[in-house]
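Trainee: I would like to learn how to read a structure. Can we go feature by feature?

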Amino acid sequence: MNLTISGHHLEVTPSLRSYVMAKLDRILRHFDQVVDVKVLLTVHKQKEKDKRQRAGCTVRVKGQDLFVETQHFDLYAAVDALADKLDRVVMRYKTRQQDNRSIAKRLTPEGSQVEAVSV
C-alpha cells in the first residue's frame, strides 16, 4: 500500500503525519485490499473560523476509488472525523463486494454451466 500525506497552505509535521497514519491503520485492519491512499490536509483562509481546516482522503481499492472529505475548526478533529467517515465507506464497500460474490455463487452452482438464453 502506498500512503501519501500532503498539505495545502500547511506544513505536515512528523507528529501530524504519525497521527494520520495511526488513524488510517484502523481502516487497513478492516479491509486489506487497499492499493493506494492519498490524504490532503488543507487550511482555507475564510472569514468564519468554524470550518477552515479540511481533511480529504482518496482510497484506491481494486476496481474503485473511495473519496471522503471533512472539515472542522481543529485539524486533528477533522482527521478524526475523516477516519470515522472513511471507516463507514470502506465497510459499506466491503459488504457490497461480499454480497455480490454470494449472489454470483448462488446463481451459478459449482459444477454446472450457465447457458446464455437470448430472448
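Trainee: What does D65 count as, by its relative accessibility?

Mentor: Start with the classes: buried means under 20% relative accessible area, exposed means over 50%, and partly exposed is in between (1.4 Å probe, protein chains only). The areas come from the Shrake-Rupley method, where only the protein chains shown count as cover for residues. D65 has 41% relative accessibility, so D65 counts as partly exposed.

Trainee: What kind of model is this?

Mentor: This is a predicted model, where local features need pLDDT of at least 70, side-chain atom pairs count only at pLDDT 80 or more, and totals for chains, interfaces and linings use all residues. Residues are numbered from 1 along each chain as its sequence is written, and side-chain values use heavy atoms, with hydrogens and water left out.

Trainee: How many helices and strands does the chain have?

Mentor: Helices (H or I, at least four residues) and strands (E, at least two) are DSSP runs, numbered from the N terminus. This chain has 2 helices and 4 strands. Along the sequence, the pattern reads β-α-β-β-β-α.

Trainee: What is the buried share of the chain?

Mentor: The chain has 119 residues, and 29% of them are buried. Helix 1 gives some examples. L16, V20, L24 and I27 are buried there.

Trainee: How far does helix 1 reach?

Mentor: The expected span of a helix is 1.5 Å times one less than its number of residues. Helix 1 covers residues 14–30, which is 17 residues. From first C-alpha to last, helix 1 reaches 25 Å, close to the expected 24 Å.

Trainee: Now salt bridges. How many does the structure hold?

Mentor: Here is the idea first. Side chains of opposite charge can pair when their charged atoms come close. The cut-off is a side-chain nitrogen of Lys or Arg within 4 Å of a carboxyl oxygen of Asp or Glu. This structure holds 3 salt bridges.

Trainee: Which residue does D65 pair with?

Mentor: D65 forms a salt bridge with R60. Their closest N and O atoms are 3.1 Å apart. R60 has a relative accessible area of 41%, so R60 is partly exposed.

Trainee: Which residue meets K23 in a salt bridge?

Mentor: D80 does, at 3.2 Å from N to O. This pair links distant parts of the chain: K23 sits in helix 1, D80 in helix 2, and they are 57 residues apart. K23 is partly exposed, because its relative accessible area is 28%. D80 is partly exposed too, at 26%.

Trainee: How far apart are Y76 and Y19 in sequence and in space?

Mentor: They are 57 residues apart in sequence. In space, C-alpha to C-alpha, they are 8.2 Å apart. Y76 lies in helix 2. At 33% relative accessibility, Y76 counts as partly exposed.

Trainee: What separates the C-alpha atoms of A81 and A55?

Mentor: The distance is 8.8 Å, and the two residues are 26 apart along the chain. A81 is in helix 2. With a relative accessible area of 30%, A81 is partly exposed.

Trainee: Next, surface patches. Which residues gather in the patch of positive charge?

Mentor: Patch residues have over 30% relative accessible area and no salt bridge; like charges are joined within 9 Å, and nonpolar side chains (Val, Leu, Ile, Met, Phe, Trp, Tyr) within 5 Å. Lys and Arg count as positive, Asp and Glu as negative, while His and the chain ends are not counted. A charge is placed at NZ of Lys, CZ of Arg, CG of Asp or CD of Glu. Here K85, R88, R92 and R96 form the positive patch on the surface. R88 belongs to helix 2, residues 75–107. R88 is exposed, because its relative accessible area is 54%.

Trainee: Which residues make the nonpolar surface patch?

Mentor: M1, L3 and M21 make it, with about 260 Å². M21 is in helix 1. At 39% relative accessibility, M21 counts as partly exposed.

Trainee: Last one. What is the phi of H9?

Mentor: Most residues other than glycine have a negative phi. H9 is not glycine, yet its phi is positive, near 60°. H9 sits in the loop between strand 1 (2–8) and helix 1. Its relative accessibility is 58%, so H9 counts as exposed.

How values were computed:
Accessible areas come from the Shrake-Rupley method with a 1.4 Å probe; for residues, only the protein chains shown count as cover.
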